[in-house]
Amino acid sequence: MTNQKHFCSCRDTSCKLNPNNHDLGCDPCIQKNLKAGEVPSCFFHLIDEDISHLKEFTIDSFVRFYLNKKQ
Ligand code: SF4
């Protein structure tokens with residue numbers, strides 16, 4: 001965390017859209033997610049630290065993930 005220059009909680013630092021790899025903040029990530037009908041990983045991380053088992057990040061899968069964790 002000490003080398004992190006952005007609050008982003010996404011663990012995929014190899015992703016070219018990760019804020020640690022450019023100076024555009026969240027914009028590229030959000031643009032990609034909106035276009036794909038997906039929710040950025042930081043929202044999933046807000047619910048659970050470990051999201052390594054997740055296979056999709058669609059809006060529907062986010063709602064299911066949230067409701068399952070809330071129970
Ligand atoms: S929107 Fe994307 S880039 Fe921004 S904090 Fe969330 S996961 Fe990271």
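**Close-up views of a predicted model**

View 1. Ala 36 is exposed, because 11 other C-beta atoms lie within 10 Å of its own. Here a residue is called buried if 20 or more other C-beta atoms lie within 10 Å of its own, exposed if 12 or fewer, and partly exposed in between, with C-beta atoms placed from the backbone. This is a predicted model, in which local features need pLDDT of at least 70 and side-chain atom pairs count only at pLDDT 80 or more, while totals for chains, interfaces and linings use all residues. Residues are numbered from 1 along each chain as its sequence is written. Ala 36 belongs to helix H1; helices (H or I, at least four residues) and strands (E, at least two) are DSSP runs, numbered from the N terminus. Of the 10 residues of H1, 1 is buried, so the helix lies largely in the open. After H1 comes Gly 37, which has a positive phi, near 70°. Between the C-alpha atoms of Ala 36 and Asp 23, which are 13 residues apart along the chain, the separation is 22 Å.

**View 2. The surroundings of the ligand.** Around the ligand stand Cys 8, Cys 10, Pro 19, Cys 26, Cys 29, Ile 30, Pro 40, Ser 41 and Cys 42. A residue is counted as near a molecule if its C-beta atom, placed from the backbone, lies within 6 Å of it. At least two residues of this shell come from each of helix H1 (27–36) and helix H2 (41–47). By type, the shell has 8 nonpolar residues, 1 polar and no charged. In this grouping Ala, Val, Leu, Ile, Met, Phe, Trp, Tyr, Cys and Pro are nonpolar, Asp, Glu, Lys and Arg are charged, and the others, Gly among them, are polar.

**View 3. Cys 8 in the segment before H1.** Cys 8 is located in the segment that precedes H1. This residue counts as buried because it has 20 C-beta neighbours inside 10 Å. Leaving aside residues up to four places away in sequence, Cys 8 touches Asn 18, Pro 19 and Cys 42; two residues are in contact if their C-beta atoms, placed from the backbone, lie within 7 Å. Val 63 is 55 residues from Cys 8 along the chain, and their C-alpha atoms are separated by 21 Å.

**View 4. Helix H3 and Ile 59.** Helix H3 (residues 59–70) has 12 residues and reaches 16 Å from its first C-alpha to its last, close to the 16 Å expected at 1.5 Å a residue. The expected span is 1.5 Å times one less than the number of residues in the helix. H3 is hardly covered, with 0 buried residues among its 12. Ile 59 is found in this helix and counts as exposed, because it has 12 C-beta neighbours inside 10 Å. Not counting residues up to four places away in sequence, Ile 59 touches Gly 37 and Val 39. From Ile 59 to Gln 31 the distance is 14 Å, C-alpha to C-alpha, and the two are 28 residues apart in sequence.

**View 5. The chain as a setting for the close-ups.** The chain contains 3 helices and 0 strands, in the order α-α-α along the sequence. Of its 71 residues, 8% are buried.
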